[in-house]
Amino acid sequence: MVKRRIVEILRSGQPDESLLIQGWVRTKRELKGFSFIEVNDGSSLASLQVVMNQDLPDYEAIIKKLNTGASVEVTGVLVPSQGKGQRIELKAETVKVYGEADPETYPLQKKRHSYEFLRTIGHLRSRTNSFGAVFRVRNACATAIHQFFQERGFLWVHTPIITASDCEGAGELFNVTGLNLKDIPRTENNAVDYAQDFFGRPTYLTVSGQLEAEVMAMAFSNVYTFGPTFRAENSNTSRHLAEFWMVEPEMAFCDLDGDMDLAEAFLKHVFKYVLETCPEDMEFFNQRIDDTVLSTADNIINNEFQRLTYTEAISLLEKADVKFEYPVSWGLDLQSEHERYLAEQLFKKPVIVCDYPAKIKAFYMRLSDDEKTVRAMDILAPKIGEIIGGSQREERLDVLEKRIIAQGMQPEDLWWYLDLRRYGTVPHAGFGLGFERLVQFMTGMGNIRDVIPFPRTPQSAEF
Ligand code: 4AD
Ligand code: MG
């Protein structure tokens, strides 16, 4: 008997086909002489309807076990469905129950559960319609990302998760240690003696793969890294995770304009791919989560993003007739409310803000001739705020050294990074896309905890 995925059966199954399915029961309806169950195997939003006649062997006993959540294997023949709502259904010939799910205790009964509640059952929530759709779309986003870069000849490089440097210089690092925390070795002046630690020095979980991606770009021209990154920032918001995935392309022989062009083409590609490959899931988000999801996707694909400088953004914010919580003035960083005002209210589409004050940006960004701003760019999305952060990198050794010192860091610690400027330096640029923020933007999901299977946030690392 051929085993088939439910998504394929619903799309192209033909009457009289004999086949086998495996999955989990979503609902059961008992009628006189026969019953229906809906079986879902995660391959699609829709479930397959299975009809069971009372002449099936052990009918009564099996029906009793087929509660929501039970795992089953069904063999049978596809038949045109008599009822509304589906083209085809499976007439069961054999039904095997793998594991039952007690209706008294199984938490996912047939009613709407809040996302807050579902977070408390992170090990089961993927079996719901919403999370099924989210994680299929997340998978499609990842596929689209690789496709975009591979088609353009970018090399996928794997940057380390354990590092000794703080790429963003923000000090939001998780320490990595093999030391026994109950008996920490100390130096003479009572500091932690890292010489005795696993790596013989302080190490951390990476906040970004950028510095190592730059190393690889100086050999392969165009590269990207896509992996987990970590920030120990105590931000309990709907846009922050302590562990999130980041996509970071890096291009040699490229300036900030090329970087912005790539980022815009990249977002358009991912939206297009997801609309084409996950139409039912996207329709679901539009109906159930946020009725602007499809029009937003259309807007992204078909319109140019708005580009403006930080200085222009500040003057627009100063003229805005809304009251912001945080002050607006040249030199201060944009807050989420400012970013959202620009993207959501003013331009109603993604906005690329460039040329930020040097003082509020990381050491590696290229200093402009005005010596006040750096060639940085952020892409701000409606409802999300910053979704991409990128820059042209400082390729001049002397300027870079000064910037490192000005930010209170030690050039010696970054000797290998500085070597890239000593040997065969070139103008280069890249950006980082917060993968979960992209999935939020795509699906309209309000909380970032609901677009990653196992969210890590302050005080929370269950599952
Ligand atoms: O702007 P960020 O800090 O930039 C970098 O890390 C650069 N090194 C990237 C590069 O140029 N290669 O972070 C990039 C993006 C942000 O725009 C945001 O979308 C996301 O990462 N991000 C987070 N997403 C979820 N939770 C957090 N705590 C995040 N912090 C940043
Ligand atoms: Mg940023």
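Trainee: Why is Ser 221 called partly exposed?
Mentor: Ser 221 has a relative accessibility of 35%. Buried means under 20% relative accessible area, exposed means over 50%, and partly exposed is what lies in between (1.4 Å probe, protein chains only). The value of 35% falls in the middle class, so Ser 221 counts as partly exposed.

Trainee: What is the basis of the model?
Mentor: It is a predicted model, in which local features need pLDDT of at least 70, side-chain atom pairs count only at pLDDT 80 or more, and totals for chains, interfaces and linings use all residues. Residues are numbered from 1 along each chain as its sequence is written, chains are lettered from A and ligands numbered from 1 in the order in which they are written, and side-chain values use heavy atoms, with hydrogens and water left out.

Trainee: Where is Ser 221, and what is its phi?
Mentor: Ser 221 is in the loop between α5 (210–220) and β10 (222–230). Its phi is near 70°, a positive value in a residue other than glycine. Helices (H or I, at least four residues) and strands (E, at least two) are DSSP runs, numbered from the N terminus.

Trainee: How many helices and strands does the chain have?
Mentor: There are 13 helices and 16 strands. Of the 463 residues, 50% count as buried. Along the principal axes, the C-alpha atoms fill a box of roughly 85 × 55 × 45 Å.

Trainee: Asp 355 also has a positive phi, near 60°, in a residue other than glycine. Is Asp 355 buried or exposed?
Mentor: Its relative accessible area is 16%. That is under 20%, so Asp 355 is buried. Its place is in strand β13 (residues 351–357).

Trainee: What makes Ala 461 exposed?
Mentor: The relative accessible area of Ala 461 is 58%. Since 58% is over 50%, Ala 461 belongs to the exposed class. The residue lies in the segment after α13 (435–443). Its C-alpha atom is separated by 9.8 Å from that of Ala 242, which is 219 residues apart from it along the chain.

Trainee: Why is Phe 271 called buried?
Mentor: Phe 271 has 1% relative accessibility, and the limit is under 20%, so the residue counts as buried. Phe 271 is in helix α6 (residues 256–277).

Trainee: Which class does Ala 381 fall into, buried or exposed?
Mentor: Ala 381 has a relative accessible area of 1%, so the residue is buried. It sits in strand β14 (residues 373–381). Its C-alpha atom and that of Lys 349, 32 residues apart along the chain, are separated by 6.8 Å.

Trainee: How do you know that Thr 163 makes a polar contact with Ser 165?
Mentor: A polar contact is a pair of N or O atoms within 3.5 Å; within protein, one must be able to donate a hydrogen and the other to accept it, and residues adjacent in sequence count only if both atoms are side-chain atoms. A polar side-chain atom of Thr 163 lies 3.0 Å from the backbone oxygen of Ser 165, so the pair is within the limit. Thr 163 is in strand β7 (residues 162–163) and, at 5% relative accessibility, counts as buried.

Trainee: Which residues are closest to ligand 1?
Mentor: Glu 168, Gln 210, Arg 231, Glu 248 and Glu 386 are the closest of the 25 residues that surround ligand 1. A residue is near a molecule if one of its heavy atoms lies within 4 Å of it.

Trainee: Where does ligand 1 sit?
Mentor: Ligand 1 sits in the largest pocket. A pocket is an open set of points on a 1 Å grid over the protein atoms alone, where a 1.4 Å probe fits, with protein on both sides within 12 Å along at least five of seven lines. A molecule sits in it if more than half of its atoms lie within 2 Å of its grid points.

Trainee: Which element gives the largest share of the shell?
Mentor: Strand β15 does, with five residues. The shell holds nine nonpolar, eight polar and eight charged residues. Ala, Val, Leu, Ile, Met, Phe, Trp, Tyr, Cys and Pro count as nonpolar, Asp, Glu, Lys and Arg as charged, and the others, Gly among them, as polar.

How values were computed
On a 1 Å grid over the protein atoms alone, a cavity is a set of points where a 1.4 Å probe fits but cannot get out, and a pocket is an open set with protein on both sides within 12 Å along at least five of seven lines; lining residues have an atom within 4 Å of a point.
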